[in-house]
Amino acid sequence: MKKNTQNITYYIKIAVFMAVLIGLDQFTKYLAVLFLKNRDAVSLIPGVLELRYLENSGAAFGMLQNQQWIFAILTVVFLIAAIAVFRKTPKTGRYIPLILTVSVLVSGAIGNFIDRLAHRYVVDFIYFSIIDFPIFNVADIYVTLSVIALLILIFFHYKEEDFQFLRKKKKENAGEQ
């Protein structure tokens with residue numbers, strides 16, 4: 001019974017962490033609609049950083065415009081895979097960086113998925129004018145930074161054997177029923 005309670009507490013903590021991240025993303029998008037839509041860009045650092053409203057019906061950098069069904073399928077598949085990773089990942093201190101990183105990645109995916117479901121586009125509003133970088137949002141920051149962190153963890157923190165938990169377990173006594 002104690003292990004079951006620990007598992008529930010573990011999943012509640014992850015859910016609360018992700019809800020806070022998703023809430024922050026959605027709040028910033030709400031503010032962008034409220035204060036930036038149909039208005040001129042707001043310069044935060046002249047020539048470097050602006051807040052500029054954009055409705056993006058595509059993926060990163062505007063690719064795949066108006067292909068919402070592709071995003072829906074990919075997001076659902078990704079979320080199913082993430083849930084499987086959460087369930088299989090050992091609940092020990094060594095895996096906390098992995099759990100947090102995947103949680104941030106999932107939060108970004110859900111944040112943009114909410115926009116696509118609600119509006120058929122994603123609200124973007126952060127623009128680095130100094131390098132003419134595509135306009136993005138907080139969920140995009142979550143996705144980008146968590147993918148970078150995930151790569152660092154995979155290449156420099158974990159070893160191949162640390163991911164044995166993701167492999168399917170073979171039945172030890174295949175002949176027995």
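Predicted model: local features only at pLDDT ≥ 70, side-chain atom pairs only at ≥ 80, totals over all residues.
Reader: Is strand E3 mostly covered or mostly exposed?

Author: Strand E3, which spans residues 122–128, is mostly covered, with 6 of its 7 residues buried.

Reader: How many salt bridges does a search of the whole structure find, and which residue does Asp25 pair with?

Author: The search finds 6 salt bridges, and in one of them Asp25 meets Lys29, with their closest N and O atoms 2.9 Å apart. The two residues are 4 apart in helix H1 (residues 2–36), which means that about one helical turn separates them. Asp25 is buried at 0% relative accessibility, and Lys29 is buried too, with a relative accessible area of 3%. Both belong to a network of salt bridges that also includes Asp115.

Reader: Which parts of the chain does the salt bridge between Glu55 and Lys37 tie together?

Author: The closest N and O atoms of Glu55 and Lys37 are 3.4 Å apart. Because Glu55 lies in strand E2 and Lys37 in the loop between H1 and strand E1 (42–45), the pair ties together parts that are 18 residues apart in sequence. Glu55 is partly exposed, with a relative accessible area of 35%, and Lys37 is likewise partly exposed, at 31% relative accessibility.

Definitions and conventions
Residues numbered from 1 in each chain as written. Heavy atoms only, no water. Buried < 20%, exposed > 50% of the residue type's maximum accessible area, 1.4 Å probe, protein only. Salt bridge = Lys/Arg side-chain N within 4 Å of Asp/Glu carboxyl O.
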